[in-house]
Amino acid sequence: MIRFSLALAATLFLAAPSGYAAGLKFIRISGDTDNPAIDAAMWSPCTTSPTEVKIGALAIPAMPDCPIAGEKLPLIIISHGYGGWYLGHHDTAEALADAGFIVVAINHPHANHADMSKANGLGVLIERPVDIKRTVDFMLDTSPDAGKINPQRIGFYGFSQGGYTGLVVAGANPDFTKLPPRCSDPKAAGCPPAGRAQPPRREPPPQLLTHDPRIGAVVVADPLSIVFPTADSVKDVRVPLQLWGSKLGGGGGASPENVATLARLLPEKPDFRVVPNAVHLSFLTPCPEIRPSSDACTDAPGFDRAAFHKQFNAAVVAFFHQHLTQQ
């Protein structure tokens, strides 16, 4: 385990190649009878200086619809956490695009901040890895930008449930019986009336879980890891993996203890970093000043999220460069 060092990360940041501005466009991956459409944001290297793109309360430095600079570029897919969205990690996406990566962050259908209609239960946990495979398929086959991508250089970044998603995509097989009962709160939607027992949680057939061997490197932050309780559950995760944990936690199945257990069980030793004084949501992009009271914007006293993210993004960029562009 590596205790996160700002000095070390600052060194990595200075070493990481940069020289592009982030192009930004929004895409939609078509659905069908079995699969809903996926909305996504795509960042890419751009030689034009960025402008300020305002999306709700956010002001994002980017150049809309900028032609992609470069050829055969590595691709990174980003998966948000519970109730998140495709702009929840936009600063990390921008840093990667500035460093020469094409980055696609998706809204998991019916399980994002704008539509939580199917966000609970096992269904979304089974569908999340499918969403990632569909996104990679689209980017390599159907996207008008497919020719710009090196199909042998694909990475993944995920936070919380997005971290769980990346582990499954990389080969992990979760034990869903380890999930805490969602209906411990009797007011939770879809729960039985008070006094009526919940049916036992059933384990879905393993073949329902989607793995994708095209993913060559993975970064996960505070992943939902309680569902990976044994070495057997993660024995097939063999890709290079950078694992981040918050010292203070606050993410349910992504407690510091769960994340530390995951780090110990993985068959290949991960680049494991614990961030002092960070809470679970500290991995979300720094918040605009007009929304400081949001739970998603609340850090522990003395924690500087903006300063941390500069170092975090630098370390993520360096990891992907090492494992996707220097191999």
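Colleague: Is Cys-287 buried, partly exposed or exposed?

Modeller: Keep in mind that this is a predicted model. Buried means under 20% relative accessible area and exposed means over 50%. Cys-287 has 29% relative accessibility, so Cys-287 counts as partly exposed.

Colleague: And Cys-297, buried or exposed?

Modeller: The cut-off for buried is under 20% relative accessible area. Cys-297 has 13% relative accessibility, so Cys-297 counts as buried.

Colleague: What is the S to S distance between Cys-287 and Cys-297?

Modeller: A disulfide is called when two cysteine sulfur atoms lie within 2.5 Å. Cys-287 and Cys-297 are joined by a disulfide, with an S to S distance of 2.1 Å.

Colleague: Is the link of Cys-287 and Cys-297 left-handed or right-handed?

Modeller: The handedness is given with the torsion about the S-S bond, which is -95° for Cys-287 and Cys-297. Their link is left-handed.

Colleague: Where do Cys-287 and Cys-297 sit, and how many residues apart are they?

Modeller: Cys-287 is in the loop between strand 11 (271-275) and helix 6, and Cys-297 is also in the loop between strand 11 and helix 6. The separation of the pair is ten residues.

Colleague: Is the disulfide of Cys-46 and Cys-66 left-handed or right-handed?

Modeller: Cys-46 lies in strand 3 (residues 38-46), and Cys-66 lies in the loop between strand 5 (58-64) and strand 6 (73-79), 20 residues apart. Both Cys-46 and Cys-66 are buried. The torsion about their S-S bond is about 80°, so the disulfide is right-handed.

Colleague: Which residues does Thr-285 contact, leaving aside its neighbours within four places in sequence?

Modeller: Thr-285 is in the loop between strand 11 and helix 6. With a relative accessible area of 8%, Thr-285 is buried. Its contacts beyond those neighbours are Leu-87, Gly-88, His-89, His-90, Asp-91, Arg-305 and His-309.

Colleague: How does helix 2 lie relative to helix 6: parallel, perpendicular or oblique?

Modeller: Helix 2 (residues 90-98) and helix 6 (residues 305-325) pack with their axes 9 Å apart, at an angle of about 45°. Angles under 35 degrees count as roughly parallel, and 65 to 115 as roughly perpendicular. The angle between the two therefore makes helix 2 oblique to helix 6.

Colleague: How do the residues of the contact of helix 2 with helix 6 divide into nonpolar, polar and charged?

Modeller: The crossing of helix 2 and helix 6 is right-handed. Helix 2 contributes Asp-91, Thr-92, Ala-95 and Leu-96, and helix 6 contributes His-309, Phe-312, Asn-313, Val-316, Val-317 and Phe-320. They divide into six nonpolar, three polar and one charged.

Colleague: What is the phi of His-110?

Modeller: His-110 lies in the loop between strand 7 (102-107) and helix 3 (122-142). His-110 is partly exposed, at a relative accessible area of 28%. Although His-110 is not a glycine, its phi is positive, at about 60°.

Colleague: What is the phi of Asn-277?

Modeller: Asn-277 is found in the loop between strand 11 and helix 6. At 30% relative accessibility, Asn-277 counts as partly exposed. Asn-277 is a residue other than glycine with a positive phi, near 65°.

How values were computed:
Residues numbered from 1 in each chain as written. Predicted model: local features only at pLDDT ≥ 70, side-chain atom pairs only at ≥ 80, totals over all residues. Heavy atoms only, no water. Axes fitted to C-alpha atoms, helices over the stretch in contact; angles between N-to-C directions. Helix = DSSP H or I, 4+ residues; strand = E, 2+ residues; numbered from the N terminus. Parallel < 35°, antiparallel > 145°, perpendicular 65-115°, else oblique. Left-handed = near helix turned anticlockwise from the far one by under 90°. Contact = heavy atoms within 4.5 Å. Nonpolar A, V, L, I, M, F, W, Y, C, P; charged D, E, K, R; others polar. Buried < 20%, exposed > 50% of the residue type's maximum accessible area, 1.4 Å probe, protein only.
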